[in-house]
Amino acid sequence: MSTLVNTITMITTYVWIWLFCAWRTAAEYEEILHHDDVALGLFSTDLFSTGLENEDTPSANTWSIIGDFTEDQRSQYLNTDGAYQFKLVFSYPDGSTETFIWTQATWITDWVSSTGYEIIQIISFGDPDFDDSAYGTSHMFQGLSRSSNWRSYIDGSPTHSNWLHAVGVTELVDGADIPSTLQARDRYNMYTCSGEALYIWNPNSDAADGNLRLVDGSSELGDAIYAGRAEIYHNGEYGTICDDSFGSLDAQVVCRQLGYGTVLRFDYSSSSTATGQIWL
């Protein structure tokens, strides 16, 4: 790709990059743990004592930097109410997802049940207004804390007596998947997912050179896909990325850097107009 230094006030002839990414998270969130695919391996038990796994290799199948958070660093992530905001995404083999967004006053590895827990949103298989309170207090999600279950690092089970909402697992349900949530219509059977990712919201996050975003797009298929025109931040403003030398590897980098999943496809489109800078 080549950098263009001229400012374009209205563009109709350039071809823009439109990306379709498997949905994960928004730009204000920072990924702190992921397990991409259980078929490719599990976390090591060292995670339980260190909170770290492949910390220098974020492209690894199992990855965690939770252990790097000192008490001083954690304080930088507190919102004005003195709480942390997290997002947990369970992914399933058919491409569907479940997403939990919440705040809690305690840190996720504290050996106590989370306090100050407040749910913001649960997006369950495309339903953006899902309510899991019908499961009862012993089964519904109530924030993350250290798990007393030897098979997972942290979990969202209030008493930790039920192996649900597991994060950082070293063993699978029936040797197959991660225990995620109860099935909505049957509280005695649970869903099991094939991957997961955990994020923390940074209230001090500001736009910086190299930041990426997707604009003028839309969500498709509920919470499964996000699409939009790719832009990059440089020299105090966002600018459009055109199609010059842009390929599948570039598309994959954009989707993953934004915190989404794998790129589903990318298109070249000249049907939209844009005002402002073209950086790439």
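## Contacts of I32

In this predicted model, I32 is in contact (heavy atoms within 4.5 Å) with W63, S64, I65, I66, F69, F86, I108, L198, Y199 and I200, leaving aside its neighbours within four places in sequence.

## Nonpolar cores

A nonpolar core is a set of buried Ala, Val, Leu, Ile, Met, Phe, Trp, Tyr and Cys residues joined through side-chain atoms within 4.5 Å; buried means under 20% relative accessible area, with a 1.4 Å probe and protein chains only. The largest such core has 36 residues, of which I32, I66, F86, I108 and L198 touch the most other members. Among the elements that each supply at least two residues of this core are strand 3 (29–35), helix 1 (46–50) and strand 13 (195–201). Strand 5 gives the most, with four residues. Helices (H or I, at least four residues) and strands (E, at least two) are DSSP runs, numbered from the N terminus.

A second, separate core has 11 residues, including L212, A230, C255 and V263. In soluble globular proteins, nonpolar side chains tend to be buried together.

Six strands form an open sheet in the order 4-3-13-5-6-7, with antiparallel pairing; two strands pair if DSSP finds at least two bridges between them. Strand 4 (62–64) and strand 7 (118–124) are the edge strands, each pairing on one side only.

Strand 5 (residues 84–91) and strand 6 (residues 97–104) run antiparallel and are joined by eight bridges. F90 has E98 in strand 6 as its bridge partner.

## Basis of the values

Residues are numbered from 1 along each chain as its sequence is written, and side-chain values use heavy atoms, leaving out hydrogens and water. Because the model is predicted, local features need pLDDT of at least 70 and side-chain atom pairs count only at pLDDT 80 or more, while totals for chains, interfaces and linings use all residues.

Note on methods. Buried means under 20% relative accessible area, exposed over 50%, partly exposed in between (1.4 Å probe, protein chains only).
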